[in-house]
Amino acid sequence: MEETKQSVVPEFIFRGLCDLRELQKFLFLPFSALYLMTVLGNLFVAFLTITDSHLHSPMYFLLANLSFVDFCFSSVTTPKLTTDFLKDNKTISFGGCMSQILCVHFFGGGEMVLLVTMAYDRCVAICKPLHYSSIMNRQMCIWLVLTSWIIGFVHAASQLAMILDLPFCGPRIVDSFFCDIPEVIKLACTDTHTQRILINADSGVLATTCFILLLISYTYILVTVRLSSKDGASKALSTCTSHITVVVLFFGPCIFVYFWPLSITWVDKFLAVFYTVITPLLNPAIYTLRNKEIKNAIKRLIS
């Protein structure tokens, strides 16, 4: 029994997005382009907010951190997914798989909390403008970002701890393109009912708490500004549209996964592609296209 507990498969094999070899080769270039745009877009936003003195404010400090997290989050899965399109044998070592699980939940959990801090920043800026500078000072901004990283790490470590104790001694095929916990845990050579409940509860509590805080923040913003002026609702929406769009894009797939009772393979893979590849690409585009200050900063940079 002790020998079985300690046995570990040396590697896992990804099934990937599809089985058709020709389609996989075709997808290589589009996904390579998507990842390149994600890297350039997010690093450009981070670079712009750091170098342009007009963007040295709490809102853009948090935005720069969001761009960095998106860059890291996408880099955990997308390069491996892209190179695997050209391989017949899509393998990943056991250690690599565990590292991928840790990083996905670290950056994913951190981004959830970071979106809440950005909502808090907008809430203070719109609802208490006279106290904004004193509340959102440099120390507070650094503390908010550190909090998001700490919570992300604690969440990721707790998820990994529940996986590492499981014995993996037989099946090796992961029906995904990265080490997604629900797919990896299916391969354990033991009953994982308790671990599934704990893992889902851990992720569910974090996601639900962040989503509720976001709803409260943006509802408070809309109500406050609507009461203060006749066209307040439109002003509030124009100010927070970018933030709300990013929140919907990030939390939409999460909510669908947790509340949809059935697990359909192609739907799960589509949602996984959406939040690991598409969302990190859209975030810098949304903030750049809808933000006048960033547009002006780009003009100053190229002029």
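A disulfide is counted here as a pair of cysteine sulfur atoms within 2.5 Å. By this rule, the count for this predicted model comes to two disulfides. Because the model is predicted, local features need pLDDT of at least 70 and side-chain atom pairs count only at pLDDT 80 or more, whereas totals for chains, interfaces and linings use all residues.

**Confidence**

- The mean pLDDT (the predictor's confidence in each residue, from 0 to 100) of the protein chain is 86, and 91% of its residues reach 70 or more.
- Confidence is highest in helix α6 (residues 138-164), at a mean of 95, and lowest in helix α1 (residues 2-6), at 44.
- Over residues 1-6, pLDDT stays under 50, and the model has three contacts (heavy atoms within 4.5 Å) beyond four places in sequence for this stretch.
- Where pLDDT is low, the predicted coordinates should not be read in detail.

**Fold and overall dimensions**

- The protein chain has eleven helices and three strands; these are DSSP runs numbered from the N terminus, with helices being H or I of at least four residues and strands being E of at least two.
- From the N terminus on, the order of elements is α-β-α-α-β-α-α-α-β-α-α-α-α-α.
- The radius of gyration, taken over C-alpha atoms, is compared with a globule rule of 2.2 Å times the number of residues to the power 0.38. For 303 residues, a compact globule would have a value near 19 Å, and the 21 Å of the protein chain agrees with this.
- Along the principal axes, the C-alpha atoms fill a box of roughly 65 × 40 × 35 Å.
- Of the contacts with a separation of 6 or more, 79% are between residues 24 or more positions apart.

**Burial and surface**

- Buried residues make up 48% of the 303 residues in the protein chain; buried means under 20% relative accessible area, exposed over 50%, and partly exposed in between (1.4 Å probe, protein chains only).
- The protein chain exposes about 15600 Å², of which carbon and sulfur atoms supply 69%. Accessible areas come from the Shrake-Rupley method with a 1.4 Å probe, and for residues only the protein chains shown count as cover.

**The disulfide of Cys97 and Cys179**

- Cys97 is joined to Cys179 with an S to S distance of 2.0 Å, and the link is left-handed, with -130° about the S-S bond.
- Cys97 lies in helix α4 (residues 94-127) and Cys179 in the loop between β3 (173-174) and α7 (181-184), so the pair ties together parts that are 82 residues apart in sequence.
- Cys97 counts as buried at 0% relative accessibility, and Cys179 counts as buried at 2%.

**The disulfide of Cys169 and Cys189**

- Cys169 is joined to Cys189 with an S to S distance of 2.3 Å.
- Cys169 lies in the loop between α6 and β3 and Cys189 in the loop between α7 and α8 (193-228), so this pair ties together parts that are 20 residues apart in sequence.
- Cys169 counts as partly exposed at 37% relative accessibility, and Cys189 counts as partly exposed at 31%.

- With bonded cysteines counted along the chain, the disulfides follow the pattern 1-3, 2-4.
- Cys103 is in no disulfide; the nearest cysteine sulfur, that of Cys72, is 8.9 Å away. Cys103 counts as partly exposed, at 26% relative accessibility.
- The sulfur of Cys123 is 4.2 Å from the closest cysteine sulfur, in Cys127, which is too far for a bond. Cys123 counts as buried, at 12% relative accessibility.

Technical notes:
Residues are numbered from 1 along each chain as its sequence is written. Side-chain values use heavy atoms; hydrogens and water are left out.
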